Amino acid sequence: MTPQAMTHQGWKLVLFGPPGAGKGTQAQLLKEHLQVAHVSSGDLFRHHLSNGTELGELARGYMNQGILVPDDVTIGMVLDRIGPMSPDEGFLLDGFPRNVKQAQALNDALAESDRRIDRVIHIKVADAELIRRLSNRYICRVCQKPFAGDAATGAVPARCDDCPDGGDIYQRADDTAAAVANRIAVYHQETAPVLDFYQAHGLLSDIAGEGPVESVNQAALASLQPNLAKAFRPAAF
Ligand code: AP5
Ligand code: MG
Ligand code: ZN
């Protein structure tokens, strides 16, 4: 771990943005650098789905339509994941909170153990670019890392390069045109108001999400601490 990473140990962050903004892509880079746990509500639901649990079966219908899974299910699932963490353990939330009720429930639960969110990074991307990205997005069945088809040929990697046995790559059931349109509409109606909630708490950093992955990553790091971005270059770039 670098000394710069150590200064961010224990940070509790929210990675916020519309479907296809690059939350999962940036989380893969940030979790390594900041030494924090990546907690994605969508990944948790898909894990339940692939294990055939009751919660997964309940979530499936909502997810495939591109609408939010009810709060009573979602809030409990995420709080069960971060509740048992020690107060000095850092995490990066991705896809949660997604409405003001979830944001308030998160604040209340953290306050009970003297914890709080340190920063919310909002990745801004225009709707047309979201639609373009999601029609060309594939994920690993094992670790859920996202991939894009090659811009020129459309070719997709056969296996995940992050999983020891090369996880199978597939297209999500909610990346159909109809579900993507719903997800973007739900984002604007139900999720975007969470930005005002965090702005009022002085926690919000807006970053441009339309440049190359590396530039977005630099902007995310810079939003945490001005010197951190210069100190870090991801090995993949
Ligand atoms: P979830 O899994 O959270 O999906 P989402 O928010 O719709 O976001 P995505 O995962 O589609 O996009 P992303 O921002 O992670 O982008 P990615 O990095 O993959 O939620 C799914 C469903 O679960 C919801 O619809 C809901 O039903 C349910 N759910 C989840 N959380 C919930 C909650 N809190 N409450 C209720 N229901 C909930 O990138 C996308 C593509 O773009 C990839 O191909 C990537 O390679 C590419 N890309 C990334 N960055 C760049 C870049 N800078 N330039 C070009 N391409 C890029
Ligand atoms: Mg994602
Ligand atoms: Zn993988």
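Guide: What follows describes the metal site and then the protein around it. This is a predicted model, in which local features need pLDDT of at least 70 and side-chain atom pairs count only at pLDDT 80 or more, while totals for chains, interfaces and linings use all residues. Residues are numbered from 1 along each chain as its sequence is written, chains are lettered from A and ligands numbered from 1 in the order written, and side-chain values use heavy atoms, with hydrogens and water left out.

The SG atoms of Cys140, Cys143, Cys160 and Cys163 coordinate the zinc ion (ligand 3) at 2.3 to 2.4 Å. Donors here are N, O and S atoms within 2.8 Å of the metal (3.2 Å for Na, K and Ca); water is not among the atoms, so sites may look incomplete. The angles among the four donor atoms are 106 to 116°, and the site is tetrahedral (four donors, all angles between 85 and 135 degrees). In sequence, the spacing of the donor residues is C-x2-C-x16-C-x2-C. Cys143 sits in the loop between strands S5 (137-140) and S6 (146-148), and Cys163 in the loop between S6 and strand S7 (169-170), so this pair ties together parts 20 residues apart in sequence. Strands are DSSP runs of E, at least two residues, and helices runs of H or I, at least four, numbered from the N terminus.

Cys143 is partly exposed at 29% relative accessibility, whereas Cys163 is buried at 11%. Buried means under 20% relative accessible area, exposed over 50%, and partly exposed in between (1.4 Å probe, protein chains only).

Around the site, the protein has eleven helices and eight strands, and 49% of its 237 residues count as buried.

Notes. Tetrahedral: all angles 85-135°; square planar, octahedral: opposite > 155°, others 65-115°.
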